[in-house]
Amino acid sequence: MLPRAFTEEQVMFRDAYRKFLSSEIVPHMEAWREAGIVDREAFRKAGERGFLMVWPEEKYGGMGDPDFRFEQVIIEETAYARAGDWYSTLHSRLVGPYFTRFGSEEQCQRFMPKCASGELILAIAMTEPDAGSDLAGMRSTAVEHDDHWVLNGSKTYISNGINADVVIVAAKTDPENNPHAMTLFIVERGMEGFERGRNLEKMGMKAQDTAELFFNDVRVPKANVLGEPHKGFIYLMEGLAEERLIGACGYLAAAQLSWDLTSEYVKERKAFGKPLAAFQNTQFKLAELRTDLDIAQTYVDQCVAAFNAGELTAVDAAKAKLVTSELQVKVADIGVQLHGGAGYMDEYPISRQFTDAKIATIYAGSSEVMKIIVSRDCLGDKYQPFNTRNF
């Protein structure tokens, strides 16, 4: 693999975070998977050590360093430790920035320090039974009154749905005139009419609590409106590039682990008197995957650099999300195949790598939606050819 560009501080950060995972997270993962939820104490312990939110200013409890590579380290190490079910990045880098990007200073002061410490756990609620990637199909609504809004509707497949103390909820606020007029509301645990459904059972990511949320005439104070009313759709679109970059980093790290697990296995497992790694079929498949992974890693690292420079486009992020999510599934699938019957057994890590992988091509925008985004760009009138010839 080509050299990767991390600072000395980030290399030290990686080592410290790796040790934190080893002592505080990995030993509990099996119990959390059986329980279907990560213990809240994990967030507090990460917050105490500065691993929960790196980017916010110190006055909000962070290190004040917005360099995305710190989060990239966290994402990669978490995935490689087989602890991706503990999706701390959802809390810290996917939802948290909504406060500093769109919220008021009062909201930042009220929520961010406790989010950084792990006292409050965050979630974001966009998806509904009939509205996933197509946010315009959302049915949740909110009606404005003198000093509050009344929120009604339901959300599903919400990560951190059980653990969350604060949920950013998107709802339509002018459905008759403008289907894209949405507002983001800060809904807090204990608000009357805010209820949670069951913790949903999933194919993979067993320790990641995923729930249905219900809002029945929830009175949301105007102080809990995030940003300006009716601009929620724009805010959500602004956050999607980073969300897809976060996803790409995680998908690729998980794929790297699947390759390594398979590589180790085929060197030890014998068939017809020789290791599986001695067969040309095995060599070719792993060589192809190794090449795909290294090329994808270079692209993702370039996307991180572009994001840090404020230049990552939604299209480039969609490409990263598309290729890495599909690659995560592909590497895990081939890994299971090369493991043979052992790959189907839950006691072998590759089995869980496979079941955890499939969701990557669905959430944060499905592969089909990513292809629509990319095709609109590359087939559109504003597309710039790779090379313009004058002959």
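Which element supplies the largest share of the lining of the largest pocket? In this predicted model, local features require pLDDT of at least 70 and side-chain atom pairs pLDDT 80 or more, whereas totals for chains, interfaces and linings use all residues. Residues are numbered from 1 along each chain as its sequence is written, and side-chain values use heavy atoms, without hydrogens and water.

The largest share, 6 residues, comes from α8 (helices are DSSP runs of H or I of at least four residues and strands runs of E of at least two, numbered from the N terminus). At least two lining residues each are also supplied by α5 (88-95), β3 (148-159), α11 (349-357) and α12 (367-378). The largest pocket has a volume of about 1300 Å³, taken as the space filled by probe spheres set on grid points joined across faces, edges and corners. On a 1 Å grid over the protein atoms alone, a pocket is an open set of points where a 1.4 Å probe fits, with protein on both sides within 12 Å along at least five of seven lines; lining residues have an atom within 4 Å of a point. Of the 43 lining residues, Thr 127, Ile 362, Tyr 363, Ala 364 and Gly 365 lie nearest the centre.

Two of the contributing helices, α8 and α11, pack at about 150°, with axes 10 Å apart (lines fitted to C-alpha atoms over the stretch in contact, with angles from 0 to 180 degrees between N-to-C directions). The pair is therefore roughly antiparallel, the term for angles over 145 degrees. Contact (heavy atoms within 4.5 Å) involves Ala 254, Leu 257, Ser 258, Leu 261 and Thr 262 of α8 and Pro 349, Ile 350 and Gln 353 of α11.

Key: Angles under 35 degrees count as roughly parallel, over 145 as roughly antiparallel, 65 to 115 as roughly perpendicular and the rest as oblique.
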